[in-house]
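Subject: Handover of a structure for your review

Dear colleague,

Please find below the structure that I am passing on to you.

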Amino acid sequence: MIPIAKPLIGDAEKRAVLDVLDSGMLVQGPRVAELEAQWARVCGTRHAIAIVNGTAALHVAMLAHGIGPGDEVITTPFTFIASVNSILYVGAKPVFVDIDPDTFNLDVSQIEAAVTPHTKAVLPVHLYGRPADMEPILALAARHGLKIIEDAAQAIGAHYKGRPVGSFGTACFSLYATKNVMSAEGGMITTDDDEIARLCRLLRQHGSERRYYHDMLGFNFRLSDLHAAIGLAQLGRLKDLTTRRQANARTLTQGINNPLVITPLTDNTPGTDSVWHQYTLRVVGMDRDAAVQQLTAAGIGTSIFYPVPAHQQRHIVEMGYAQGVALPVAEQIANEVLSLPVHPALSEDDLSSIIAAVNTLH
Ligand SMILES: Cc1ncc(COP(=O)(O)O)c(C=O)c1O
């Protein structure tokens, strides 16, 4: 079976972990600080703050921006649930705007109509590694005085019109095991704002700048040096890992010609590039479950990211945040999407097998 995801663990990762174990500095040692410095360089931001996972990164970003009860945050319903849960953790209300069927990201033409006097922030998600359309989002945020919190969990290394993802406001990344750059579990917040960075660091460490003196209610959301060491080894290979994903995506799109599926958009905007965290088809001419079965029988791993849009998830319905909400594009796309392997460990033979299996779907 060709797996849908495969963490690339080489000698560099193994050596990095052993070095940390040998050093005895398992937490709050130099690796976390190094990873933060390199991450900030990749994103072109003044600060990067390492956090235990991407969900905690989003949660902390919400708190650092003072978002809480009575506030509304505009976001996409077509995302991993953590994007929306972070809004719920702080007692704010998620307001869903439908998506663009070609990019799977927020339909920017619909955001303005969702703004109310209670809107505090927009939370775009760069889904599957494809940058959201940030220019209109930046303009709208400036017009209405809104914060931007990017969910860049899937998009390290991506650019939008020449600018790195993660540099448009406060941004949150995940280094979960299957992410383009991973540390088994891990997260990162990037920002240019000194005060937001200070608050994020405080929130990560029980509100404490000086040991056992606590200025605010915080958490233990620290990343360990073991995890940071893996992340550093991976980040050093970011260009190579990304180039391979992009080449794999190109090969798949060139090879797939079955009219029962739609291949993902190739964005030709100058300076804009997806980092292909996922390569996601729309299955439009046949039953998706049958497609999954046929691909599985051919030895191709697949996954559905995500079968249920956030506004239809049970806890969000029960909290009353989805009443009267019609998001027809997200609902349709959730029924059509099917992700294929695109990870850097694929061989030429693997790619040929995937293309052949997709082209014989019937
Ligand atoms: C879009 C998105 N947001 C947030 C997260 C949360 O990250 P983590 O799993 O590291 O908590 C993920 C990771 O799966 C994600 O894909």
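Helices (H or I, at least four residues) and strands (E, at least two) are DSSP runs, numbered from the N terminus. This is a predicted model, in which local features need pLDDT of at least 70 and side-chain atom pairs count only at pLDDT 80 or more, while totals for chains, interfaces and linings use all residues. Residues are numbered from 1 along each chain as its sequence is written, and side-chain values use heavy atoms, with hydrogens and water left out.

I begin with the backbone. Most residues other than glycine have a negative phi, and most peptide bonds are trans. The peptide bond from Phe 305 to Tyr 306, however, is cis, with omega near 10 degrees. Tyr 306 belongs to the loop between α9 (288-297) and α10 (314-318).

Two residues other than glycine have a positive phi: that of Phe 104 is near 65 degrees, and that of Trp 276 is near 50 degrees. Phe 104 sits in the loop between β3 (93-96) and β4 (119-123), and Trp 276 in the loop between β10 (261-262) and β11 (279-283). Here buried means under 20% relative accessible area, exposed over 50%, and partly exposed in between (1.4 Å probe, protein chains only). Phe 104 counts as buried because its relative accessibility is 3%; Trp 276 is buried as well, at 11%.

The loop between β10 and β11 also holds Thr 269, which is partly exposed, with a relative accessible area of 28%. Its side chain makes a polar contact with the side chain of Asp 267, at 2.6 Å. A polar contact is a pair of N or O atoms within 3.5 Å; within protein, one must be able to donate a hydrogen and the other to accept it, and residues adjacent in sequence count only if both atoms are side-chain atoms. The C-alpha atoms of Thr 269 and Lys 161 are 7.1 Å apart, although 108 residues separate the two along the chain.

Next comes the sheet. Seven strands would be listed as β1-β9-β8-β5-β4-β2-β3, the order of an open sheet of 7 strands with mixed pairing. Two strands pair if DSSP finds at least two bridges between them. Because β1 (47-51) and β3 stand at the edges, each with a single partner strand, one side of each is left without a neighbour in the sheet. Strands β5 (residues 147-151) and β8 (residues 170-174) pair in the parallel sense over 3 bridges, and Asp 151 has Cys 172 of β8 as its bridge partner.

Helix α3 (residues 54-64) is mostly covered, with 9 of its 11 residues buried; among them are Leu 58, His 59 and Met 62. Gly 66, with a positive phi near 70 degrees, follows α3.

Finally, how many disulfides does a search of the whole structure find? The search finds 0, a disulfide being a pair of cysteine sulfur atoms within 2.5 Å. For Cys 43, the nearest cysteine sulfur is that of Cys 172, 11 Å away. For Cys 172, the nearest is that of Cys 200, at 7.6 Å. Cys 43 is buried, with a relative accessible area of 1%, and Cys 172 counts as buried at 1% relative accessibility.

Yours sincerely
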